[in-house]
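Subject: Structure for you to look at

Dear colleague,

Here is the structure I promised to pass on, with my notes below it. Please read them with the model open beside you.

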Amino acid sequence: STGFEVAESRTTTLQAPSTQQELRVKRIVISPQRRLFVQGLAGAFVLPGCGGSDPRPKPAPPVADPVGALKTEQLKTILAKARGTAPGLAGAVISDANIVLAADGKLSSNGDAALRSDNWLHLGSNSKSMTAMAVAVLVEQGRLRWTDTPAQLFPEWASNMQMAYRDISLLDVLSFRAGFAPMLQWAEFEAVPITTSTLTEQRLQYAKWLLEQTPVNTPGTQTEYSNASYVLAGAIVERASGLAFEPSIQNLVLKPLGLQGFYGLPQELGTDQPAAHAQPSPGAYVPVAPDDPTVQAVPKYVNPAGLLAMPVPDYARYAQIQLQALRGRPRLLSAQTYKVLHTAQGQIAGSSFGLALGWGVLTQGGKTTYEFSGSIDLMSAYIKISPTDNRAVIVLNNYDAADPSDAVLTDTANQLMALKPLS
């Protein structure tokens, strides 16, 4: 017996409107025990173009949908085994018509309250794709273009920015091909001279500083993961929308899709939400209060790069929206724009992986999957979508993402991807 209560979970059926390789991960380090993000890196994939023909993807052929026949207890069994003695784990199996949710474990290692499948959990860098969607909405509204350059977007800085950055495109920025430093270490953010007060002013000051730094590779030619790219993207959203990034993401993406989300830790919403947990030694999980200075030290201006929390059912619906779009049934954005969001623009050097706009894309054996993992170290999330199989899965936890935990998320996701209804 682990001494942990089994969490409440439920099955939710939503009516639809109208591959495999282990991911390699990178981290931002806040302290020796805490990291800011974990990013999944996935493989290159190029959707075929058809010249002047209809750019919309053809609807996928009908595939039997076994997701609606899955039982919550099947998911709970997998989650409980994967969780072990850790605080809590939640997940969902998703098709374009159904969502099955489950959770196992506790809100806090110091209490008895069960983690529920409708609790809020943190997405980490998995929310980068939502930042990219906000940019995409502004592109469709005509307020931005994929070809916009930093010199065009911030002409007042053109004379001071690095020459190599002046002509990179917005698409380069969002697909990690801008030549920016990865910014994976907390010390790198700490060294940035931010002196202004509001988040919008801080992002603007950061963007100006970033564009004056020496590129780490030739912009527009190499794919290298960078948190810096998405902080800059937040400043670009603010300039185009005329609003701070935080209300912009609500107005442009979350509210139109009927989703909830906020930038912060779930327990900021109340003690009925999951606590984040550090793991100072193997198997020792210590709750971390929202006002813990090691958590608050993460600068809020970094929000566009991955500090969003969301209810588990809402993140499952977000995964379903992406699955529907990949199967030819887009919402909010056009099929052509979703194609831009989901197409890897280049490969990671020395690997079969590539990066799209907040997505990793891997093609193996004729099957393409879209996946990503994210973490604030104290909570983690993983998403995987297979349009061919009409299935997506999400797995989220509320504890320190030490290396074994990273494997827990991906391994659990793979089991959920293969889960079949009981005979």
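Tyr263 has Leu308, in strand E10, as its bridge partner. Strand E7 and strand E10 (residues 308–311) are paired in the antiparallel sense over 2 bridges, where pairing requires at least two bridges found by DSSP, and where strands (E, at least two residues) and helices (H or I, at least four) are DSSP runs numbered from the N terminus. The open sheet to which they belong has 3 strands in the order E6-E10-E7, with antiparallel pairing. Because E6 (120–124) and E7 (262–263) stand at the edges with a single partner strand each, one side of each is left without a neighbour in the sheet.

Please keep in mind that this is a predicted model, in which local features need pLDDT of at least 70 and side-chain atom pairs count only at pLDDT 80 or more, while totals for chains, interfaces and linings use all residues. Residues are numbered from 1 along each chain as its sequence is written, and side-chain values use heavy atoms, without hydrogens and water.

Best wishes
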